[in-house]
Every structure is written in C-alpha cells, then in structure tokens.
Amino acid sequence: MIGNQHAPSPELSHGLKQRHMTMIALGGVIGAGLFVGSGVVIKSAGPAAILSFLITGLLVVLVMRMLGELACAMPGGGSFYEYAREAWRDRPAIGQLAGFLTGWMYWYFWVIVVAIEAVAGADLVRYWLPDVPSWSISLVLLVLLTLTNLISVKSFGEFEFWFASIKVAAIVVFLFVAGVYVLGLTPGSQGMHVANLTANGGFMPNGFVPVLTGAVAATGFYFGAEIVTIAAAETAEPQKAVVKATNSVITRVMVFYVGSLLLVACLVPWNDGGIATPYVSALNAMGIPAAAQIMNAIVLTAVLSALNSGLYASSRMLFALTRRGDAPQALAKVSRKGVPVRATLVATLFGYGAVVMSYVSPDQVFAFLVNSYGTVAIFVYILIAISQLRLRYRLEREAPHLLKVRMWCFPYLTWLAIFGMLSIVVAMAFIPEQRTPLALGIASLCILLLAYGVRQTMRKGVIPDGFFDEFVQPELRKN
C-alpha cells in the first residue's frame with residue numbers, strides 16, 4: 001500500500017486543519033496519566049522516576065519518528081494498520097495477520113480508554129457535584145463527546161484543539177512558575193529548592209529495579225501521540241501535517257514530561273503522602289491558592305480530551321479495518337459529512353458496556369479490561385517498529401523519492417526501539433505488580449488470534465486474486 005493509493009480516503013472528510021493536527025499530537029501525549037498516574041511512579045522509584053519517564057519517552061520519540069517517516073511516504077486512512085500489512089506483502093499470510101492484530105489491538109486499547117476516562121471523568125465531576133450518581137455523569141460525558149464526533153471531523157478537531165490547548169497551557173505555566181520557584185528567583189526566596197532530589201534516601205532510594213518498573217508503567221501514559229498519523233487521512237495536506245505534528249511531539253515530549261516531573265520531585269518529597277496527587281501538592285508547596293480546584297479542572301480537561309480522542313481513534317481504525325474485510329462492511333457507512341457513524345457508535349456502545357461493568361463487576365470484567373489494555377499498547381508499538389524496519393528497506397530499494405522524512409540512524413535506532421520494547425515486555429514477567437497486566441495482555445492477544453482463525457475459515461474463497469493490488473503503487477507492483 002505504497003504511493004498513489006495512499007492518498008487520503010475519499011470516503012472521509014478532510015475537515016482537520018494544521019492547527020488541529022499539532023494540538024491533536026500534543027494532546028495525545030499529555031493525558032491524565034501525567035497529572036495523576038505519575039505520582040505512583042514517583043512513590044515507587046523516588047526522584048529517579050525522572051529516569052523512568054526519560055527511558056520510555058525516548059522509545060516513544062523513536063516510534064513517532066518511524067511513524068512520521070511512513071506517514072509521509074504513505075499517507076492514507078488506516079495508518080499503521082496498513083503499514084503492517086504492506087510490510088509483509090511478500091508473505092501475504094503474515095501480512096494479513098499482522099494487519100488484523102495491529103488494527104484490532106489498537107481499537108481495543110482505545111475503547112477501553114473511552115470507558116476508563118468516562119469513569120474517571122465522573123469521579124472528577126463529583127468533586128463539585130458529590131450528590132450526583134457517578135453512572136449518570138459517565139453517561140452524560142459519553143453522550144456529549146459522541147455527539148461531537150458524530151457531527152463532523154471538524155467538530156472533533158475543534159474540541160480536541162481547545163482541550164489540548166488548556167493542557168499545554170497548564171503545563172507551560174506550571175513549568176514557568178515552578179521553575180522560577182525552584183531556582184529561588186521568587187521574592188523572599190532563600191535559595192534553590194532542590195534538596196528533595198537527594199533527601200529521604202537519595203536520588204534512587206529503592207534501587208534501579210523500581211526505575212525499570214516505572215518505565216513499564218509510564219508506557220501507557222505516553223500512548224496516544226500516534227493518533228496524528230491516523231488523523232492525517234482527514235487533512236488536505238497529510239504529508240505536511242504529519243511532519244509538523246510529529247516534530248512537535250518529538251521536541252516537546254521530554255520538556256513536558258521529564259521537565260515537569262523534575263520540578264515536582266524538587267517540590268514534593270517522594271515519600272510524602274501528597275505525592276499521590278503530585279501536581280496539586282507541588283502547587284500547595286509553592287503556596288498557590290485553590291490548588292486542588294485548579295488541578296481538578298485541568299485533569300478533567302485531560303480526561304475529556306482522552307475520551308474525545310478515544311472515540312475518534314477507535315472509530316477511524318474500525319473504519320480502516322472494514323476496507324480490508326477485517327471488520328463487517330456494515331460499519332463502513334459514512335455520513336454526508338464524511339463521518340463513519342456506525343464505527344463511532346460501536347466504540348460508544350462498547351464504552352457503555354465497559355462503564356456498566358465498572359459498577360457491576362469491578363473486580364473481574366472491568367479489572368480484566370483495565371489490566372490488559374496497557375500491554376496491548378506495547379504490542380502495537382512493537383508491530384509498528386517491525387513494519388518500519390521492513391518497509392524502509394523496500395522504500396530505499398524501490399521508491400527512495402518517497403522518503404521525505406527519514407528515521408534517524410537507520411536501522412540501529414529502529415532495532416534499539418524494538419529491543420527496548422521487548423525488554424519492557426520481558427521485564428513485566430519479573431515485576432510482581434506487572435505480571436497480571438502481562439498475562440491479561442497475552443490473553444487478549446490469544447483471543448484475537450482465535451478470532452483471526454475463525455475469520456480466515458469463514459473467508460476462504462471469498463476474496464479473489466489480485467484484490468489488494470489496487471492499493472499498491474504501480475511502480476512497486478512489479479514485486
């Protein structure tokens with residue numbers, strides 16, 4: 001699927017603008033995990049949690065560069081779902097399986113995010129409305145953001161633009177205010193506030209193992225930046241949009257995550273109970289009034305952004321799956337404004353079901369969903385890296401003019417990323433608190449393999465020879 005047929009899908013709208021794309025990319029990186037989940041990592045690893053986020057952040061930056069290379073060479077609907085298939089075009093059986101697994105695992109990840117964020121959003125709203133039932137708030141949030149996705153892709157882009165703008169602005173303000181305070185530049189300050197980096201047992205109080213554990217946990221916090229390569233299919237100039245958006249992630253991810261966490265570690269002792277809400281505690285340490293109110297509003301914005309993005313990403317991936325027969329064709333229907341309505345509604349319905357399970361079966365069904373989706377995300381990134389490795393060699397050999405953006409130090413950094421992500425998966429088996437997520441992630445993979453086997457059995461003889469040729473650039477069909 002390289003070349004002319006990689007033009008944006010004619011069925012979808014081209015309503016996303018460049019400003020939407022940049023904020024979609026940044027918003028995908030800055031989620032509720034940064035504002036809340038990072039406290040868990042700091043509590044375990046101490047100030048060295050900075051290294052945890054640095055390790056994982058470097059891997060995410062490498063994956064984003066790979067996606068930038070592929071998205072510019074092969075812009076089109078489906079993104080890495082199609083790359084996984086095309087990477088194994090010389091071995092169609094593997095290619096079909098790789099595409100099926102990549103697409104459905106990515107869809108699975110985001111529909112679980114939809115449910116989790118709907119539940120988390122209800123808890124945040126109840127901070128102000130304690131007497132309103134959580135389930136009703138979750139329902140309202142799901143309905144509202146489903147409507148924004150159903151109206152048009154432009155409405156999704158506008159909502160995500162403003163959600164992401166609030167998150168980015170909050171981080172930038174925090175970096176400035178906390179940076180000035182930590183450096184001792186505020187009036188009446190008595191020097192720099194960096195003692196917490198080495199106090200209470202040192203920079204790495206519990207050794208290096210919790211740092212690795214934290215790197216595993218941080219993987220899920222970074223996931224989401226890759227949405228920009230899916231959204232590129234709905235822009236007028238996908239190549240330009242992807243280049244600018246992926247570069248914005250690469251240059252800012254370290255500053256937003258590692259920089260802000262460094263400041264948090266300076267302001268709040270890692271073994272303090274307040275580290276459970278790291279940014280609230282950091283604002284309190286600086287004497288910022290109404291810190292809890294401010295952060296609750298910002299985290300709610302992050303949650304709504306993730307919910308909005310989850311509905312978008314899952315619907316577009318499901319739509320891409322229908323184009324190859326990996327999902328029911330009935331879900332391919334789009335509205336007059338180019339929105340895959342049925343694919344969006346399926347994601348919403350799955351979200352409703354998962355929210356119900358969070359109340360009906362929180363310790364079984366919902367726990368399975370929550371504990372498995374993070375591992376599935378790592379599997380998707382590994383498949384992306386393998387796809388880029390194989391496709392880059394083909395592009396260099398057969399269509400080098402398409403390589404307008406190149407992965408750095410290829411193939412060494414690609415192999416480093418693959419090794420790093422495989423190491424995370426292996427490490428999970430030796431980390432007690434990560435064994436359950438690993439086992440459930442593998443169980444989810446096995447379920448998809450079973451589903452693929454059933455699908456192949458049902459499809460035998462249905463697809464004629466040469467069906468996929470129409471998706472391949474003419475200059476590469478000779479192979």
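Reply: Helices here are DSSP runs of H or I, at least four residues long, while strands are E runs of at least two; both are numbered from the N terminus. This is a predicted model, where local features need pLDDT of at least 70 and side-chain atom pairs pLDDT 80 or more, while totals for chains, interfaces and linings use all residues. Residues are numbered from 1 along each chain as its sequence is written, and side-chain values use heavy atoms, without hydrogens or water.

Start with the pocket. H5 gives the largest share, 9 residues. In total, 50 residues line the pocket. Nearest its centre are Gly 33, Ala 217, Gly 220, Phe 221 and Tyr 373. By class, the lining has 28 nonpolar, 17 polar and 5 charged residues. The space inside is about 1200 Å³.

Now follow H14. Arg 392 and Glu 396 both sit in this helix, 4 residues apart, about one turn. They form a salt bridge (a side-chain nitrogen of Lys or Arg within 4 Å of a carboxyl oxygen of Asp or Glu), with the closest N and O atoms 2.9 Å apart. Arg 392 has 5% relative accessibility, so it counts as buried. That label means under 20% relative accessible area; exposed is over 50%, and partly exposed lies in between (1.4 Å probe, protein chains only). Glu 396, at 36%, is partly exposed.

A second pair in H14 is Arg 394 and Glu 398. The closest N and O atoms of this salt bridge are 3.8 Å apart. The two residues are 4 apart in the helix, about one turn. Arg 394 is buried at 11%, and Glu 398 is buried at 15%. Salt bridges with shared partners join these two to Glu 86, Arg 89 and Arg 397 in one network.

The structure holds 11 salt bridges. Another of them pairs Arg 85 with Asp 326, at 3.1 Å between the closest N and O atoms. Arg 85 lies in H4 (80-87) and Asp 326 in the loop between H12 and H13 (341-360), so this pair ties together parts 241 residues apart in sequence. Arg 85 and Asp 326 are both buried.

How values were computed
1 Å grid on protein atoms, 1.4 Å probe; cavity = no way out; pocket = protein on both sides within 12 Å on 5 of 7 lines; lining within 4 Å. Points joined across faces, edges and corners; volume = space filled by probe spheres on them. Nonpolar A, V, L, I, M, F, W, Y, C, P; charged D, E, K, R; others polar.
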